[in-house]
Amino acid sequence: MVCGAVSGLVLTLLKGAEKDLNIEVRGTVASGACHVVFVPQPEQISALQEVCRVFQRGFRELACIYRDHIQLDDNLTKE
């Protein structure tokens, strides 16, 4: 269940940025790992930042619910 929730959240972020915001997404997504870089145009940065804030909020909520399975690095998730 946790894996499915995390995967769904990550895919929503990646596909939303790529398909809805038309932002280039480079990198790889594999089982248990996601290494990507967003390549936005200057006029896309604000929208991408907002989408990423929503993603972080969702990920933090999952981490709170499933503390034994998800650990976040606080240095990477501060708003």
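1. Start at the hairpin of S1 and S2: 2 residues lie between the strands, and Gly-32 takes a positive phi near 85°. Please keep in mind that this is a predicted model.

2. S1 covers residues 24-30 and S2 covers 33-39, and the two pair in the antiparallel sense over 7 bridges. For a landmark in this pairing, find Arg-26, which stands opposite Val-37 in S2.

3. Now turn to the helices. H1 (residues 2-20) and H2 (residues 45-65) pack with their axes 11 Å apart, at an angle of about 180°. Angles over 145 degrees count as roughly antiparallel, so H1 is roughly antiparallel to H2.

4. Which residues make this helix contact? From H1 come Ala-5, Val-6, Leu-9, Val-10, Leu-13 and Ala-17. H2 answers with Leu-48, Val-51, Cys-52, Phe-55, Gly-58, Phe-59 and Leu-62. By class, the residues of the contact of H1 with H2 are 12 nonpolar, 1 polar and no charged.

5. What gives the most to the lining of the largest pocket? That is H1, with 7 residues. The elements giving two or more residues are H1, S1, S2 and H2. The lining divides into 14 nonpolar and 4 polar residues, with no charged ones.

Definitions and conventions:
Residues numbered from 1 in each chain as written. Predicted model: local features only at pLDDT ≥ 70, side-chain atom pairs only at ≥ 80, totals over all residues. Heavy atoms only, no water. Axes fitted to C-alpha atoms, helices over the stretch in contact; angles between N-to-C directions. Helix = DSSP H or I, 4+ residues; strand = E, 2+ residues; numbered from the N terminus. Parallel < 35°, antiparallel > 145°, perpendicular 65-115°, else oblique. Contact = heavy atoms within 4.5 Å. Nonpolar A, V, L, I, M, F, W, Y, C, P; charged D, E, K, R; others polar. Pairing = 2+ DSSP bridges.
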